[in-house]
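This briefing goes through one protein model by topic, from the overall fold to single residues. Please keep the sequence and the coordinates open while reading.

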Amino acid sequence: MSKAKDIVVKELKPVFTSEQIAARIQELAAEINAVYGDEPLVAVCVLKGGFMFFSDLVRFLHNKNLELDFVRLSSYGKSSTSSKHVIFSKDVEIDICGKHVLIVEDIVDSGHSMRFLLGQFAARKARSLRLAALVDKDERREVDVKVDFAGFKLNQGFIVGFGLDYAEHYRMLPGVFEVIPE
């Protein structure tokens, strides 16, 4: 097993402020409300990174048939790059068969984790599957995954904050920052 090279952080460069994120989340919620109305919907947070985006987003969803659940996936470990090996360590507790499912993720880049999760949920016969991500790095996509509700598009840079981490650090930052290495 190879050990990823650690990054020594020189500085954190602001990418999206907390105000920009808050405004964009309200816009996304309006888009999601328009698609689902009051149809039965299960919003699934992908832990750990998606927790801040998820908690802010669901507060603006006005669906009286909304259910919330959580999964935990990881593919980064303590590295700054995603591996193709996905660890699925927590499953949903709600039966999603016949229900609309909205997966809420912090960032989609290579797409391996989301391809895995979409495959898992499709096998359970969800009525529909859509994906919301705070950040869509579609230029880094290695597998076919479509982000239906993208907060922001970003082409490059290793980012942290607002749930996104590097080796379990920086999740609590109120905005998104690019890691500038030494």
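This is a predicted model: local features need pLDDT of at least 70, side-chain atom pairs count only at pLDDT 80 or more; totals for chains, interfaces and linings use all residues.

How many of the nine residues of S6 are buried, and is the strand mostly covered or mostly open? Seven of the nine are buried, and S6 is accordingly described as mostly covered.

**Overall fold**

- Three helices and nine strands make up the secondary structure of the protein, and from the N terminus on these elements follow one another as β-α-β-α-β-β-β-α-β-β-β-β.
- The radius of gyration is 16 Å, close to the 16 Å that the globule rule gives for 182 residues, so the protein is as compact as a globular protein of that length.
- Along its principal axes, the C-alpha trace spans about 50 × 40 × 25 Å.

**Surface, burial and charge**

- Of the 182 residues, 46% count as buried, while the protein exposes about 9500 Å², of which carbon and sulfur atoms supply 52%.

**Strands S5, S6 and S7**

- S6, which covers residues 128-136, runs parallel to S5, and eight bridges join the two strands.
- S6 also pairs with S7 in the parallel sense, here over four bridges.
- Ala-132 of S6 takes part in both pairings, for it stands opposite Val-104 and has Phe-149 as its bridge partner in S7.
- Strand S7, residues 149-153, has four of its five residues buried, so this strand is largely enclosed by the rest of the structure.

**The open sheet S1-S9-S8**

- Three strands form an open sheet in the order S1-S9-S8, with antiparallel pairing.
- S1 (9-16) and S8 (159-160) stand at the edges of this sheet, each with a single partner strand, so one side of each is left without a neighbour in the sheet.
- The pairing of S8 with S9 (residues 176-181) is antiparallel and rests on two bridges, and in it Ile-159 stands opposite Glu-178 of S9.

**Helix H2 and its cover**

- Helix H2, residues 51-58, has Met-52, Phe-53, Phe-54, Leu-57 and Val-58 as its buried residues.
- An α-helix has 3.6 residues a turn, so residues three or four places apart point the same way.
- The cover over the buried residues of H2 includes helix H1 (18-36) together with strands S2 (41-47), S3 (66-74), S5 (100-108) and S6.

**The loop between S6 and S7**

- Val-145 lies in the loop between S6 and S7 and is buried, with a relative accessible area of 8%.
- Leaving aside residues up to four places away in sequence, Val-145 touches Val-108, Gly-111, Met-114, Arg-115, Leu-118 and Leu-131.
- Val-145 and Ile-21 are 124 residues apart along the chain, and their C-alpha atoms are separated by 23 Å.
- Glu-139 is likewise found in the loop between S6 and S7, but Glu-139 counts as exposed, at 59% relative accessibility.
- From C-alpha to C-alpha, Glu-139 is 9.3 Å from Lys-153, a residue 14 places apart from it in sequence.

**Backbone geometry to check**

- Most residues other than glycine have a negative phi, and most peptide bonds are trans.
- The peptide bond that joins Leu-47 and Lys-48 is cis, with omega at about 0°, and Lys-48 is found in the loop between S2 and H2.
- Phe-162, although not a glycine, has a positive phi of about 50°; this residue sits in the loop between S8 and S9 and counts as buried, at 6% relative accessibility.
- Glu-168, also in the loop between S8 and S9, has a positive phi near 70° without being a glycine, and is partly exposed, with a relative accessible area of 40%.

Notes:
Residues are numbered from 1 along each chain as its sequence is written. Side-chain values use heavy atoms; hydrogens and water are left out. The radius of gyration is taken over C-alpha atoms; the globule rule is 2.2 Å times the number of residues to the power 0.38. Buried means under 20% relative accessible area, exposed over 50%, partly exposed in between (1.4 Å probe, protein chains only). Accessible areas come from the Shrake-Rupley method with a 1.4 Å probe; for residues, only the protein chains shown count as cover. Two strands pair if DSSP finds at least two bridges between them. Contact means heavy atoms within 4.5 Å.
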